[in-house]
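Please look through the following structure with its sequence at hand.

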Amino acid sequence: MNNSIEMPQLPEMLELWQQTLNWQPSSKELSQFQLLYELICQGNRQLNLTRITEPTEFWEKHLWDSLRGISRFLGKTELPDFKVIDIGTGAGFPGVPIAITQPNWQVTLLDSTRKKLTFLDSLISELELKNATTLTGRAEELSKQFQYREVYDLALIRAVGSPVVCAAYALPFLKVGGLAILYRGNWTEEEAVDLRSTLNSLGGAIELIDPFTTPISNSIRHCLHLRKLAVDKPGKKVKLKSK
Ligand code: SAM
């Protein structure tokens with residue numbers, strides 16, 4: 001683990017942002033990314049937040065990857081003021097970089113581990129993010145409560161479970177018409193078959209499977225965009241397989 005506070009050379013990555021996402025962070029966003037990196041490295045001294053602390057890897061696997069998932073919205077000026085939930089946010093990914101670049105979105109960072117969220121509360125305050133809040137609990141329990149059920153426009157979920165598990169966690173939080181983005185590595189036809197049958201009972205459908213490779217290590221990724229088309233059928237149990 002890298003315990004030193006080395007800033008990633010973020011300005012040097014401007015060209016790469018432009019080439020890959022047709023977007024560049026503002027100088028304010030760059031400063032916030034740098035502070036985010038520093039705070040995560042500091043937090044890692046007390047908590048096991050992330051193994052990814054080498055500067056270039058942090059840029060690629062945390063900053064770039066988080067924003068690649070919402071590339072269809074990046075830099076768009078006339079976006080609706082989305083209510084967003086990042087389920088199983090851990091050290092704040094993908095939710096924190098997204099809260100930085102989308103100040104009009106209200107981002108809820110949900111995790112079952114209170115101590116990670118205590119860290120994120122202080123990170124939110126240091127980054128002066130007025131549009132981010134934390135929520136402690138298990139996704140499958142909170143999504144049954146009326147104040148969280150079917151109230152979000154966008155649900156994000158990275159590295160929490162299989163596609164079926166992620167869909168079953170995310171869809172109940174969404175309004176009808178809302179979008180879930182599942183951040184995946186590899187993607188197989190077998191997973192697609194399982195997911196389609198689960199989505200049937202959750203009132204959702206696969207809108208887009210977005211394959212890409214990361215710009216530095218050329219790792220394979222897929223973002224699955226799931227649209228909620230109807231209220232899910234309560235009482236119908238979704239079988240959750242582990243990862
Ligand atoms: N999304 C982050 C990322 O990609 O860096 C963190 C991924 S980490 C592997 C998985 C996180 O999901 C952990 O912080 C864990 O506490 C949280 N988690 C797992 N199951 C959960 C559940 N049912 N409800 C809420 N959080 C959950």
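## Terms and basis

Two strands are said to pair if DSSP finds at least two bridges between them. Helices (H or I, at least four residues) and strands (E, at least two) are DSSP runs, and they are numbered from the N terminus.

This is a predicted model, in which local features need pLDDT of at least 70 and side-chain atom pairs count only at pLDDT 80 or more, while totals for chains, interfaces and linings use all residues. Residues are numbered from 1 along each chain as its sequence is written, and side-chain values use heavy atoms, with hydrogens and water left out.

## Strand 1 and its partners

Strand 1, residues 83–87, pairs with strand 2, residues 106–111, in the parallel sense over five bridges. Within this pair, Val 84 has Val 107 of strand 2 as its bridge partner. Between the two strands the chain passes through helix 4 (residues 95–101), and this β-α-β crossover is right-handed; the word means that, with the strands pointing away from the viewer, the path from the first strand over the helix to the second runs clockwise.

Strand 1 also runs parallel to strand 4 (residues 152–158), to which four bridges join it, and here Asp 86 stands opposite Leu 156. Four of the five residues of strand 1 are buried, where buried means under 20% relative accessible area, exposed means over 50%, and partly exposed lies in between (1.4 Å probe, protein chains only).

## Strand 2 and strand 3

Strand 2 is likewise mostly covered, with five of its six residues buried. Five bridges join strand 2 to strand 3 (residues 132–136), and these strands run parallel, with Asp 111 standing opposite Thr 136 in strand 3. Together with helix 5 (residues 114–126), strand 2 and strand 3 make a right-handed β-α-β unit.

## Around the ligand

Which residues come nearest to the ligand? Of the 16 residues around the ligand, they are Gly 88, Phe 93, Asp 111, Glu 140 and Arg 158; a residue counts as near if one of its heavy atoms lies within 4 Å.

Some polar contacts, meaning pairs of N or O atoms within 3.5 Å, can be listed by distance. A polar backbone atom of Gly 88 is 2.7 Å from a nitrogen atom of the ligand, and a backbone N or O atom of Ser 112 lies 3.2 Å from a ligand nitrogen atom. For Lys 116, a polar side-chain atom lies 2.9 Å from an oxygen atom of the ligand. On its own the ligand has 600 Å² of accessible area, of which the protein covers 79%; such areas come from the Shrake-Rupley method with a 1.4 Å probe.

Helix 3 (residues 55–68) has 14 residues and should span 20 Å at 1.5 Å a residue, which agrees with the 18 Å between its end C-alpha atoms. The expected span is 1.5 Å times one less than the number of residues. Eleven of the 14 residues of helix 3 are buried, among them Phe 58, Trp 59, His 62 and Trp 64.

Thr 50 lies in the loop between helix 2 (27–43) and helix 3, and Thr 50 counts as buried because its relative accessibility is 9%. The side chains of Thr 50 and His 62 are joined by a polar contact of 2.9 Å.

## An exposed loop residue

Is Asn 218 buried or exposed? Asn 218, found in the loop between strand 6 (204–213) and strand 7 (220–228), is exposed, with a relative accessible area of 54%. From C-alpha to C-alpha, Asn 218 and Asp 81 are 33 Å apart in space, and they are 137 residues apart in sequence.

Technical notes: Polar contact = N/O pair within 3.5 Å; in protein donor to acceptor, adjacent residues only side chain to side chain.
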